[in-house]
Amino acid sequence: MEQTSLASDADRVAAAEPTGQVLVDIDHISTTFGQGDSEFSVHEDLSLQVRRGEIMTIVGGSGTGKTVLLRHILGLTKPSKGVVRIDGVPANELPTEGASARMGMLFQHGALFSAFNVLDNVAFALHEQDSLPDDVVRDAAIVKLQMVGLKPEHAYRMPSDLSGGMIKRVALARALIMDPPLLLLDEPTAGLDPRGSDEFCELLLEVHQELGLTVVMVTHDLDTLYALSTRVAVLAEKKVIVVGPPKEVIQFKHPFIEQFFLGERGLRALEPAPVAKDLASMG
Ligand SMILES: Nc1ncnc2c1ncn2[C@@H]1O[C@H](COP(=O)(O)OP(=O)(O)OP(=O)(O)O)[C@@H](O)[C@H]1O
Ligand SMILES: [Mg+2]
């Protein structure tokens, strides 16, 4: 017991700074779905390495297999060829038991369990373990709620009584309840208004720093991408066509990159916020 906690503390210290050590190794994978005439491939010979401590953002057109990639990392699905390793071990060979202590996931359509209150949603993985007294579980969940900026009095609300931003926060607290070193985010700011989105990005930056997390994120939102990414991987033509810091990736010549980063939406994300411009023009 003692040793496990020492090892995970050492992991955390290592994760606080990008060290260049690979935590997630997506090694020459191919993914196909369907059979016979209806068979189609989503990934072909795709590789990507995520280093400890970084925030790796995956972008690509709709249907290019970003969510499928996260599911492979979670070990929920297995590529048809190649392997995804987490800390050297094939993801699909890791035991289901203890999965939420290895990685947390914020799902794309990340709903909470609507029949459970906030506390029971956050404490879900702890309840499943069935080994801790109720008051310890409750206290642990409340600590996580406070970490994501919610108050203890929110603990007994039902999901239907929460704003979109609060639901994201609860889902984040739930993903982090077992203190996993790796966090997967599928469109974390989708559905939030610009202010809610900025606030959630700030929270993600804080927990990334404080907990020394490694993050793999999928997003369509350029503001989120620029606010959070250490590196960006672009999925096109069934593989990762380029990976690097945002400033380098936008230089890469490819129609998807030009349209995504340098289209109207992309240029707007690079501009100063409208308020700042208005104030400047007022002298
Ligand atoms: N279990 C499955 N069985 C069959 N096809 C699947 C399965 N899961 C995903 N697909 C298909 O694989 C492709 C990639 O899906 P995926 O959800 O990863 O796309 P995405 O890049 O996340 O898109 P979006 O940006 O719209 O979320 C799609 O054509 C999808 O229909
Ligand atoms: Mg998706």
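This is a selection-by-selection tour of a predicted model.

**Whole chain**

Of its 283 residues, 35% are buried. Take the contacts between residues at least 6 apart in sequence: 68% of them join residues at least 24 apart.

The chain has a mean of 88, and 86% of its residues reach 70 or more. Now select residues 1-17, where the pLDDT is below 50; this stretch has 15 contacts in the model beyond near neighbours in sequence. Then select residues 276-283. Here too pLDDT stays under 50, and the model has one contact beyond four places in sequence for this stretch. Where pLDDT is low, the predicted coordinates should not be read in detail.

**Ligand 1**

Select ligand 1 and the residues around it: Phe 33, Val 42, Gly 60, Ser 62, Gly 63, Thr 64, Gly 65, Lys 66, Thr 67, Val 68 and Gln 108. By class, this shell divides into three nonpolar residues, seven polar and one charged. Which helix gives the largest share of the shell? That is α2, residues 66-74, with three residues.

**Pro 79**

Move on to Pro 79, in the loop between α2 and β4 (81-86). Is Pro 79 buried or exposed? There are 22 other C-beta atoms within 10 Å, and the cut-off for buried is 20 or more, so Pro 79 is buried. Leaving out residues up to four places away in sequence, show the residues that Pro 79 touches: Ile 29, Ser 30, Thr 31, His 43, His 72 and Val 84. For a distance check, draw a line from the C-alpha of Pro 79 to that of Asn 92. The two residues are 13 apart along the chain, and their C-alpha atoms are separated by 9.4 Å.

**Helix α7 and its surroundings**

Select residues 164-175, which form helix α7. Its 12 residues reach 17 Å from first C-alpha to last, close to the 16 Å expected at 1.5 Å a residue. Show side chains for Lys 168, Arg 169, Val 170, Ala 171, Leu 172, Ala 173, Arg 174 and Ala 175, which are buried. What do the buried residues of α7 pack against? Two strands to display are β6 (103-106) and β7 (182-186).

Ala 140 has 17 other C-beta atoms within 10 Å and is partly exposed. Beyond four places in sequence, Ala 140 touches Ala 123, Leu 126 and Ile 177. Ala 123 is 17 residues from Ala 140 along the chain, with 7.7 Å between the two C-alpha atoms.

**Asp 223**

Next, select helix α9, residues 222-228, and within it Asp 223. This residue counts as partly exposed, with 18 C-beta neighbours inside 10 Å. Asp 223 and Ser 197 are 26 residues apart along the chain, and 8.7 Å separates their C-alpha atoms.

**The loop between β9 and β10**

Select Glu 237, in the loop between β9 (231-236) and β10 (239-244). Lys 238 lies in this loop as well. Check the backbone torsions here. Most residues other than glycine have a negative phi. Glu 237, although not a glycine, has a positive phi of about 55°. For Lys 238, phi is near 70°, again a positive value in a residue other than glycine. With 13 C-beta neighbours inside 10 Å, Glu 237 counts as partly exposed. Lys 238 has 17 such neighbours and also counts as partly exposed.

**Helix α11**

The last stop is helix α11, residues 255-262. Show Ile 257, Phe 260 and Phe 261, which are buried. Why do these residues fall on the same side of α11? They cover an arc of only 80° around the axis, which puts them there. Turn to the other side of α11 and select Pro 255 and Leu 262, which are exposed.

Key
Residues are numbered from 1 along each chain as its sequence is written. Chains are lettered from A and ligands numbered from 1 in the order in which they are written. Helices (H or I, at least four residues) and strands (E, at least two) are DSSP runs, numbered from the N terminus. The expected span of a helix is 1.5 Å times one less than its number of residues. A residue is buried if 20 or more other C-beta atoms lie within 10 Å of its own, exposed if 12 or fewer, and partly exposed in between; C-beta atoms are placed from the backbone. Two residues are in contact if their C-beta atoms, placed from the backbone, lie within 7 Å. A residue is near a molecule or strand if its C-beta atom, placed from the backbone, lies within 6 Å of it. Ala, Val, Leu, Ile, Met, Phe, Trp, Tyr, Cys and Pro count as nonpolar, Asp, Glu, Lys and Arg as charged, and the others, Gly among them, as polar. The arc is that of the directions from the helix axis to the C-beta atoms. pLDDT is the predictor's confidence in each residue, from 0 to 100.
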